[in-house]
Amino acid sequence: MMRRGLLFGAALLLAGGVFAAEEPADPLSERARKGEVTAQLELADSFFRGAGRPRNLAVAYYWFSRAAALGSPEAEYNLGVMRQHGLGVERSGMLAYGHFKTASAAGIKPARLLLARLLFRGIPAEKGRHNGVPADAETARRFLRGLAKEDYFPARVDLALLYLEQAPEKQDAPGLADAVAVLTTAASQGDVKALRALADCFYYGRGVPRDEEKMFHYLSLAAREGDGESSGKLGYCHELGIGTPPDPAKAAECFRQAAARGLPQGRVKYGEYLLAGDYVPRDVPEALRQFEQAAADGSTTAFYQLARCYDAGWGIPADRAKALEWFLLSARSGEIRACEELVRRYRAGDGVPADPGAAEYWAQRAVEFARRTRSQLNP
């Protein structure tokens, strides 16, 4: 049963001038000021949600802090969430870790779950304040198994996702059917990670018969929940006719949604549609902006598209030297088309001194990258 006063997935703001924005005293505020923890939690929650009073996240943070100081583990959990998300308050994984530890020790299961997730990846050092915490997968798994034994379902979901990541990639791996069953239940409750994982299971035939239509179904459900990665995958499904008839116009719309949700590859694909003017009005400046944003996020495909823009002068002054830099960066990162372009240039001496040895090197790299891509994509 959910304990009173927990904010799941919330992040609150911390700012000065807390009391200035409060409403005049009311019975709940009076009880909170007198030190009644349940009133402080309720008051914090009402300010956070804007329920019955103007929404003020700074005041919500203040009252959760007051409740934590009086020993409320629920408030400790909420403070951990605030620090972890860093919205309006300085982000600090270490401070979040401390709050979650305190709440977990008091029996708050969501705190122990988030503690486990932090431990899986470790917490980086924070300059001038905290040394960080190294990754500790063994302790994280122990926390999750303990929660699962207590029948805390979110921990079972995390263990199922972890199993899929680490289990042998074959349909009859031990425990696979159990993991799929847990994820199916979570997916029925709208869990986006579970929906995505089930889509992968149906595409690759892991624990279930291979079924592209069901893969498409689960991706669609995840995309409706606002998931950018699923929106991007749906774009490829519409583009290539996987699990659904080909429909480039729908593909362009899915890539637009993925780009708006921050997916780097979604930005690249939407930029490609904008650049070509296919199924969307042609907009070269916007295409360039999408490529630049994706490149800032490390997308190797974006490196290649920026190289093409500099080479042809699309949206920016032509600069073949800069184009070569982007082609090289993209090729080194595994982009096959960039490798092929370098092969052509070094063979023809186009913009670079002719160099058969360099051409052969990039030709071999293109073959190597293509082989690796096929092994990853073929179910």
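Is Phe255 buried or exposed, and what is its relative accessible area? In this predicted model, Phe255 is buried, with a relative accessible area of 0%, where buried means under 20% relative accessible area, exposed means over 50% and partly exposed lies in between, for a 1.4 Å probe and protein chains only.

Residues are numbered from 1 along each chain as its sequence is written, and side-chain values use heavy atoms, with hydrogens and water left out. Because the model is predicted, local features need a pLDDT of at least 70 and side-chain atom pairs count only at pLDDT 80 or more, whereas totals for chains, interfaces and linings use all residues.

**Figure 1. The whole chain has 19 helices and zero strands.** Helices (H or I, at least four residues) and strands (E, at least two) are DSSP runs, numbered from the N terminus. Of the 379 residues of the protein chain, 47% count as buried. Among the contacts (heavy atoms within 4.5 Å) with a separation of 6 or more, 50% come from residues 24 or more positions apart. The average pLDDT, the predictor's confidence in each residue on a scale from 0 to 100, is 90 for the protein chain, and 90% of the residues score at least 70. Over residues 8-23 the pLDDT stays under 50, and for this stretch the model has 45 contacts beyond four places in sequence.

**Figure 2. Helix α12 is covered by elements that include α10, α11 and α13.** This helix, residues 228-240, has 13 residues and reaches 19 Å from its first C-alpha to its last, close to the 18 Å expected at 1.5 Å a residue; the expected span is 1.5 Å times one less than the number of residues. Its buried residues are Gly228, Ser230, Ser231, Gly232, Leu234, Gly235, Cys237 and His238, and what covers them includes α10 (192-204), α11 (212-224) and α13 (248-260). Just after α12, Gly241 takes a positive phi of about 75°. Leaving aside neighbours within four places in sequence, Thr244 is in contact with Phe216, Cys237 and His238.

**Figure 3. Tyr236 and Phe255 form one of the nine aromatic pairs in the structure.** Rings of Phe, Tyr and Trp (its six-membered ring) pair if their centres lie within 6.5 Å, and planes under 30 degrees apart count as stacked, over 60 as edge-to-face and the rest as tilted. The ring centres of Tyr236 and Phe255 are 5.2 Å apart and their planes stand at 80°, so this pair is edge-to-face. The pair links distant parts of the chain, with Tyr236 in helix α12 and Phe255 in helix α13, 19 residues apart. Tyr236 is partly exposed, with a relative accessible area of 28%, whereas Phe255 is buried. Ring pairs also join Tyr236, Phe255 and Tyr273 into a cluster.

**Figure 4. The largest nonpolar core has 41 residues.** Such a core is a set of buried Ala, Val, Leu, Ile, Met, Phe, Trp, Tyr and Cys residues joined through side-chain atoms within 4.5 Å. Phe291, Phe327, Leu342, Tyr346 and Trp362 touch the most other members. At least two residues of this core come from each of α13, α14 (264-276), α15 (284-296), α16 (300-312), α17 (320-332), α18 (336-348) and α19 (356-377), and α16 gives the most, with seven residues. Apart from this core lies another, of 30 residues, among them Ala160, Leu176, Val180 and Ala187.

**Figure 5. The buried residues of helix α16 pack against α14, α15, α17 and α18.** These buried residues are Thr301, Ala302, Phe303, Tyr304, Gln305, Leu306, Ala307, Cys309 and Tyr310. Not counting residues up to four places away in sequence, Phe291 touches residues including Ala302, Gln305, Leu306 and Cys309. After α16 comes Gly313, whose phi is positive, near 75°.
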